[in-house]
Amino acid sequence: MADKQISMPAKLINGGIAGIIGVTCVFPIDLTKTRLQNQRNGQQIYKNIWDCLRKTIRSEGYFGMYRGAAVNLTLVTPEKAIKLAANDFFRHHLSKNGKNLTLYKEMLAGCGAGTCQVIITTPMEMLKIQLQDAGRLACHQKTVAGMPCLQPGPKHLNVVPALTRGYNVGPTSVAQRLSSIQIASELLRTEGVKGLYKGLGATLLRDVPFSVIYFPLFSNLNKLGKSSPDDRAPFLHSFFAGCIAGSTAAVSVNPCDVIKTRLQSLNKGANEETYNGIIDCVRKIWIKEGPSAFLKGSGCRALVMAPLFGIAQVVYFLGVGETVLEFAQFNQLPA
């Protein structure tokens, strides 16, 4: 983030606010990314980003684009808090006598931050993906049954195949209302805590390289806008540095994100294969769908990450966290 020297509580507030605003703004594109990554060759329901958004609105209504958003909005603040705190912690301990970090140490700090954040990211992504992909699965089932999938449906209803103990044996014929709490409860009941951490290895494979790329890239791009080492870069320069670093890191790790999405999807459509781990997933995607399948949703990820980190720069530049803390301290002063 910006190099502005602020307290950790302010950083956590800024990170949480930026995450909530960012998720709200770009969640429909994130939903599109999940659905595009999960559809197989020969069974495409959506042609591209805009076709997916158009069909989602037609079949599920406007709020259909926000399936799974509640999970993200609930957990994005602790996720950003852990990521920011961990990055600062590692940067502090890797620096010597306050000297600037070398690129290698900046990458190590980013690696540590990415490793720590999966504590929250994995269950958050796990629950979010089930809800995001529900509309695609419902449409896929109708297509297999010879029914039009774009007929208007309940706008506020998550109608998806019911979860069963054998998650990867394909969907059942029973449809029910499904929320993130119900999914989490079912996973905890049948598989314990490890059920919420399905795809942990793939999440690490995505988030660690992302942080290794993003933090050093943003830091060095941001330095280019400073007239001297002690000055702060202009707002627009930091904004575009965040956008460039975020989208670059997102596209770079997109193959890992495709693997993670496939592994964390508990329900499968008809004729959709299951995977036994990361290597099996990579092999089957490569053989059945070709190398280009690993780039599915890369445009969506770039469109999601660029504004996310741009919004974060706006929040940091305005000093929202500092203002909140100053207001709280002012109210605590004796009259």
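Reader: So which residue does glutamate 273 form a salt bridge with?

Author: Glutamate 273 pairs with arginine 40, and their closest N and O atoms are 3.0 Å apart. Here a salt bridge is a side-chain nitrogen of Lys or Arg within 4 Å of a carboxyl oxygen of Asp or Glu. Keep in mind that this is a predicted model, where local features need pLDDT of at least 70, side-chain atom pairs count only at pLDDT 80 or more, and totals for chains, interfaces and linings use all residues. Residues are numbered from 1 along each chain as its sequence is written, and side-chain values use heavy atoms, with hydrogens and water left out.

Reader: Where do glutamate 273 and arginine 40 sit, and how many residues apart are they?

Author: Glutamate 273 is in the loop between H10 and helix H11 (278–289), arginine 40 is in the loop between H1 and H2, and 233 residues separate the two. Helices are DSSP runs of H or I with at least four residues, numbered from the N terminus.

Reader: Are glutamate 273 and arginine 40 buried or exposed?

Author: Both glutamate 273 and arginine 40 are buried. Buried means under 20% relative accessible area, exposed is over 50%, and partly exposed is in between, with a 1.4 Å probe and protein chains only.

Reader: OK, how many salt bridges does the structure hold?

Author: There are 20 salt bridges. One of them joins lysine 128 to aspartate 30, with 2.8 Å between the closest N and O atoms. That pair links distant parts of the chain, since lysine 128 is in helix H4 (residues 103–132) and aspartate 30 is in helix H1, 98 residues apart. Lysine 128 and aspartate 30 are both buried.

Reader: What about lysine 33, which side chain does it meet?

Author: Lysine 33 meets aspartate 257 in a salt bridge, 3.0 Å from N to O. Lysine 33 lies in helix H1 and aspartate 257 in helix H10 (residues 254–264), so this pair ties together parts 224 residues apart in sequence.

Reader: And why does lysine 33 count as buried?

Author: Because its relative accessibility is 2%. Aspartate 257 is buried too, with a relative accessible area of 0%.

Reader: Which residues are linked in a network of salt bridges?

Author: The network links Asp30, Lys33, Glu125, Lys128, Arg206, Asp207, Asp257, Lys260 and Arg301. Lysine 260 is in helix H10 and is buried, at 0% relative accessible area. The C-alpha atoms of lysine 260 and glutamate 125 are 9.1 Å apart, although the two are 135 residues apart along the chain.

Reader: Which residues form the aromatic cluster?

Author: One cluster is made of Phe210, Tyr214, Phe215, Phe218 and Phe309. In total the structure holds twelve aromatic pairs. Among them, tyrosine 62 and tyrosine 66 form a tilted pair, 5.9 Å centre to centre with 45° between the planes. To pair, rings of Phe, Tyr and Trp (its six-membered ring) need centres within 6.5 Å; planes under 30 degrees apart are stacked, over 60 edge-to-face, and the rest tilted.

Reader: Is tyrosine 62 buried or partly exposed?

Author: Tyrosine 62 is partly exposed, at 47% relative accessibility. Tyrosine 66 is partly exposed as well, at 22%.

Reader: Last one: what does UniProt list for residues 12–31?

Author: The unreviewed UniProt entry lists a "transmembrane region" there; positions follow the numbering used here, feature names are shortened, and annotations may be inferred rather than shown by experiment. In the model, residues 12–31 are 100% helix and 0% strand, with the end C-alpha atoms 26 Å apart.
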